[in-house]
Amino acid sequence: MRKVMALSLAAALSAALAACGGDDGEQSGGGNVTLWMYPVISDQAKSQAFWAKVEKDFEAANAGIDAKIELQPWDGRQEKVTTALAAGKGFDLVVLGPDQIPQYVQQGTLAPVDDVLADKSAFGKSALDALSVNGKLYGVPIYHTATLPVYNRAALAKAGITDVPDTWAEIKDAAPKLAASGVSVLNYAGAPNETLNLTFYPLLWQNGGSVFGSDGKSVAFNQPAGVQALQFLLDLAAVGGLQQGAATSTSSLEGSAFTQGKAAVLPTVQLSQLSQIEKAIGAENVVVGQPIEGKRRVSFGLPGGVVLGKHAAGNAAAKKLAAYLATPEVMAGLAKESGFFPTRSDVQVPDASENAKKFAAAIDKLYPGDTHPKARQVMSVLAPHIQAALQGKKSAQQALDDAAKEANALLGG
């Protein structure tokens, strides 16, 4: 058995261009399979131990198959995956999200995986739909992320607020009260390198908006719903409702306004982050809410899918490994170690804490994002313009119109 390896960026890129995984497995009739796995389990030691066991157990149950699970860093993920798929080497399987899959389907570098799951009845329809393109399943759903707002009870109480503000109207009302006590209502990560799925897009969805138009040939974020969502942030900033330096802030918890007690609401938090937050502000002050409500109550969460490279479409070992990762036993273990949630209805959430139950209960209020072959590119175009608005350089309308002009050119509109 090959050991699970945590590769550096340079080493991983080198591996992507070397003959391994996909070619090897296809030529040998399915005896070899390589999976690129990302830090779904944030604790590095736990991640290495878990995937080493998965690899060992899979090989024990499938004599003659040599499986290799390579642990990859998030940094450079998009570029490395694109390079490997274009070269047809590096891996057979890789974990991707719904907003990444369409571009590779369009490029013709992924193979459908409908035949990997003999019985799809145990899987949530929303997860299967999110990982499908044109009616074909391209990702085997092995976990589901969930984000919810977390509140600092002490900060709210200091401003005389007893109920958590979980609607736009309540957040607007709370902002000046909190500012008077030296606390911002929101801790917002406005740095352009932050994913908009965890910052601006939830506000857009809460206000009934979308990133793309219905035909996918143009963007829609500069329509009234989007302008109002960005104006919501600007209005909060004007009354001290965003932390100082919000336009350049990152999502790192360490040193954040929220963990320092200087912000009352962290809008998108994962279950796995709660322990760090509890240590920072005290477990007694941590309140997990339901998705914030504008015109609708929604937050971000997506299924993580194991996808199959087109170059490995004939690799039987790869399909066996993908199916194995979706078994109840593996999925339950992954949920326990990662803090994410199963995509199967017959797998119980391992953590029975009250907060875990709140996250699990919110799954049907979560949105995986607006899927499009150029979703990631559009996000990169939009983010700097939102930052410019937060810095007072542009109005909400101008920022989004400027971004739309660039994005539509990207889409060919």
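Reply: Before we start, one term: contact here means heavy atoms within 4.5 Å. Also keep in mind that this is a predicted model.

With that cut-off in hand, look at helix α3 and helix α12. On the α3 side, the residues in the contact are Trp51, Val54, Asp57 and Phe58. They meet Ala317, Lys320, Leu321, Tyr324 and Leu325 in α12. What sort of residues are these, nonpolar, polar or charged? The contact splits into 7 nonpolar and 2 charged, with no polar ones.

Now for how the pair is arranged. Two packed helices are described by the angle between their axes and by the distance between those axes. Here α3 covers residues 44-61 and α12 covers residues 316-325; their axes come within 11 Å and cross at roughly 125°. That angle is why α3 counts as oblique to α12. The crossing is right-handed.

Helix α10 (residues 224-238) packs against helix α15 (residues 375-390) at an angle of about 35°, and their axes are 10 Å apart. This crossing of α10 and α15 is right-handed. From α10 come Leu230, Leu233 and Leu234, while α15 brings Ile386, Ala389 and Leu390. What kinds of residue make the contact of α10 with α15? There are 6 nonpolar, no polar and no charged.

On to the strands. Strands of a sheet pair through backbone hydrogen bonds, either parallel or antiparallel. Strand β2 (residues 32-37) pairs with β3 in the parallel sense, over 6 bridges. Is β3 mostly buried or left open? Of the 6 residues in β3 (residues 66-71), 5 are buried, so the strand is largely enclosed by the rest of the structure.

Elsewhere you'll find an open sheet of 4 strands with mixed pairing, in the order β10-β11-β9-β12. Its edge strands are β10 (184-186) and β12 (286-288); each has a single partner strand, so one side of each has no neighbour in the sheet. From one strand to the next, the twist averages 20°. Strand β9 (residues 148-152) and β12 run antiparallel and are joined by 3 bridges. Across that pairing, Tyr151 stands opposite Val287 in β12.

Helices pack on this sheet too. Helix α8 (residues 168-180) touches β10 and β11 (263-269), and its direction makes about 150° with that of β10. Helix α11 (residues 274-281) touches β9, β11 and β12, at about 145° to the direction of β12.

Now follow Lys358, which belongs to helix α14 (residues 354-361). Leaving out residues up to four places away in sequence, Lys358 touches Leu148, Val288 and Gln290. Lys358 and Gln290 are 68 residues apart in sequence, yet their C-alpha atoms are 7.4 Å apart in space. Lys358 is partly exposed, with a relative accessible area of 32%.

Last stop: a loop. Most residues other than glycine have a negative phi. Asn134 has a positive one, near 55°. You'll find Asn134 in the loop between β6 (132-133) and β7 (136-137). Is Asn134 buried or exposed? Exposed, with a relative accessible area of 76%.

Key: Residues numbered from 1 in each chain as written. Predicted model: local features only at pLDDT ≥ 70, side-chain atom pairs only at ≥ 80, totals over all residues. Heavy atoms only, no water. Axes fitted to C-alpha atoms, helices over the stretch in contact; angles between N-to-C directions. Helix = DSSP H or I, 4+ residues; strand = E, 2+ residues; numbered from the N terminus. Parallel < 35°, antiparallel > 145°, perpendicular 65-115°, else oblique. Left-handed = near helix turned anticlockwise from the far one by under 90°. Nonpolar A, V, L, I, M, F, W, Y, C, P; charged D, E, K, R; others polar. Buried < 20%, exposed > 50% of the residue type's maximum accessible area, 1.4 Å probe, protein only. Pairing = 2+ DSSP bridges.
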